[in-house]
Amino acid sequence: EEQISGVGPGEITHALGGGIEAHYRGMILTIGSARFVRERCGEQWWSEEMRGAVDSAAQRGLTPVVVARDGIPDAVIVLGDEPRPESEALIAELRAM
């Protein structure tokens, strides 16, 4: 973990590959991978709906990012990228090498 400079000591903590935890307007915001947020907030707060959203995103090849406020998971942001049209041909070319 490391402190992110420029925002004041103790306000944001970054865990490489996991996420961030920030103190903002009296709240503790935890944002990152499902594993990171579970480790910080505990299993007891995870609803079936939250688990379903994380699992569904992962099964579709997307990246779920969980947002928790004061230790309670509140939202899942799903990130993804459309493959470029030429990707299939490039992959086939690489495999043929």
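Begin by selecting strand β3 (residues 19–24) and strand β4 (residues 27–32), which pair in the antiparallel sense over six bridges. Strands here are DSSP runs of E with at least two residues, and helices are runs of H or I with at least four residues, both numbered from the N terminus; two strands count as paired if DSSP finds at least two bridges between them. The model is predicted, so local features need pLDDT of at least 70 and side-chain atom pairs count only at pLDDT 80 or more, whereas totals for chains, interfaces and linings use all residues. Residues are numbered from 1 along each chain as its sequence is written, and side-chain values use heavy atoms, with hydrogens and water left out.

Next, select Y24 and M27. M27, in β4, is the bridge partner of Y24. The hairpin of β3 and β4 has two residues between the strands, and R25 takes a positive phi near 50° there.

Now move to the other pairing of β3. Strand β2 (residues 12–15) is joined to β3 by four bridges, and the two run antiparallel. Select I12 to find A22 of β3 standing opposite. In the hairpin of β2 and β3, three residues lie between the strands, and G17 has a positive phi near 80°. While viewing these strands, recall a general point: in a regular strand the side chains alternate between the two faces of the sheet.

Then turn to the salt bridges, each being a side-chain nitrogen of Lys or Arg within 4 Å of a carboxyl oxygen of Asp or Glu. A search of the whole structure finds six.

Select E21 and R40 for one of them; the closest N and O atoms are 3.4 Å apart. E21 lies in strand β3 and R40 in helix α1 (residues 34–41), so this pair ties together parts that are 19 residues apart in sequence. E21 is buried, with a relative accessible area of 19%, while R40 is partly exposed at 32%. Buried means under 20% relative accessible area, exposed over 50%, and partly exposed in between, using a 1.4 Å probe and protein chains only.

Continue to R69 and D74, whose side chains meet in a salt bridge at 3.0 Å, N to O. R69 is partly exposed at 42% relative accessible area, and D74 is partly exposed at 44%.

Finally, select E86 and R84, where the N to O distance of the salt bridge is 3.8 Å. E86 counts as partly exposed at 37% relative accessibility, whereas R84 counts as exposed at 62%.
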